[in-house]
Amino acid sequence: MIMLFAAVMLTGMMMGPAGCGKHEETISQTVDDNDSVDIGLSIDSLVIERWQRERDLFVNKATELGANVNVQNANGDVEEQIRQIEYFIDKKMDVIVIISIDDMALTDVIARAKKAGIKIIAYDRLIRDADVDLYISMDNERVGELMGEYIRKAIGNTGHIIQIKGSPTDNNVAMVQTGFERVISKTNISIDYVADADNWLAETAFTETSRYLSLGNVPDAIMCGNDNLAAYAIRALIENRLGGEVCVVGQDADLEACQRIVEGTQYMTVYKPVENLAKMSASIAVDMANGIAPDTEDTIDDGTYTVPYMKLDPIAVTRENMDEVITGKYHSRSEIYLNVAE
């Protein structure tokens with residue numbers, strides 16, 4: 001059997017699938033003389049660093065296993081994401097993997113995909129009321145617990161904190177909050193201010209943190225929905241001469257977050273082994289296309305249906321364990337310590 005591998009990157013202003021608007025498209029193809037596995041990957045947005053990394057890992061692994069992967073970037077536009085999934089249906093994909101923008105908006109289009117015999121994997125974010133074939137993610141409640149546990153360790157059992165949470169249309173946000181509150185509820189720590197970052201707009205963290213500080217308040221800690229939000233919250237703190245004085249936590253172990261941790265302006269992030277998540281998802285997608293069901297006993301309620309659930313364990317990352325967990329494995333030492341004199 002002879003195979004030819006090709007990868008094409010198209011970026012910028014172009015016509016999307018079926019006449020869609022602006023998007024970035026990555027297509028990795030395997031040309032085979034037999035029927036091949038065709039996978040569609042619909043990504044929320046490539047603004048967040050981790051999605052770029054996971055896209056590449058997923059495509060590389062699936063291609064290695066002989067699959068064709070068509071990647072579509074919805075740029076945070078839920079209507080665009082729906083059109084892209086419809087495009088995948090028209091193209092008769094075997095499996096569609098979705099990093100959803102809105103956990104409630106895709107029910108109808110997923111129903112059409114399933115009616116067409118296409119398997120659906122909800123990647124990292126649960127899609128509600130959709131009866132997907134698999135939800136694969138981190139243990140998101142544990143992510144919230146790790147954030148709460150670190151804040152409790154850093155400031156003690158009393159204090160005042162604020163939260164800049166992620167998008168309310170992302171079901172992971174609620175799961176993280178459940179874990180976070182499970183820890184904080186056992187303390188005398190007061191959550192004084194809570195804001196949502198619609199569509200994960202990072203500037204929200206700057207605006208809301210600045211607003212809180214303008215009232216003459218200084219929080220003991222800030223819990224941020226991800227590291228991108230943490231960056232903007234820290235920017236507001238620095239403008240108020242509070243950089244490094246407030247315990248700021250986030251998640252994703254972005255490079256800049258790791259840099260801020262060793263520099264001292266961010267205290268902690270949650271590392272999620274996304275290499276394992278992306279590669280495992282690609283392998284499972286190929287298996288599902290070949291009629292092999294995912295091997296998991298865990299389930300989760302999507303609001304209407306009970307769906308198979310695979311979850312990976314996250315790890316809290318601080319300055320103390322940075323080299324053990326991250327350095328040389330997720331980011332290089334020279335990158336992490338770029339701004340630190342050793």
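Author: On a 1 Å grid over the protein atoms alone, a pocket is an open set of points with protein on both sides within 12 Å along at least five of seven lines, a cavity is a set where a 1.4 Å probe fits but cannot get out, and lining residues have an atom within 4 Å of a point. Points are joined across faces, edges and corners, and a volume is the space filled by probe spheres set on them. By that count, the largest pocket holds about 390 Å³. This is a predicted model, in which local features need pLDDT of at least 70 and side-chain atom pairs pLDDT 80 or more, while totals for chains, interfaces and linings use all residues. Residues are numbered from 1 along each chain as its sequence is written, and side-chain values use heavy atoms, without hydrogens and water.

Reader: What lines the largest pocket?

Author: Its lining has 21 residues, with Val 47, Ile 48, Trp 200, Ala 202 and Asn 228 among those nearest the centre. Helix α7 gives the most, four residues. Helices here are DSSP runs of H or I with at least four residues, strands are runs of E with at least two, and both are numbered from the N terminus.

Reader: How do you know how many residues of the pocket lining are nonpolar, polar and charged?

Author: Ala, Val, Leu, Ile, Met, Phe, Trp, Tyr, Cys and Pro count as nonpolar, Asp, Glu, Lys and Arg as charged, and the others, Gly among them, as polar. Sorted this way, the lining divides into nine nonpolar, five polar and seven charged residues.

Reader: What makes β8 and β10 a pair?

Author: Two strands pair if DSSP finds at least two bridges between them. Four bridges join β8 (residues 158-165) to β10, and the two run parallel, so they meet the criterion of at least two bridges. Ile 161 stands opposite Ala 221 in β10.

Reader: Why is the unit of β10, α7 and β11 called right-handed?

Author: The word applies if, with the strands pointing away from the viewer, the path from the first strand over the helix to the second runs clockwise. β10, α7 (residues 227-239) and β11 make such a right-handed β-α-β unit.
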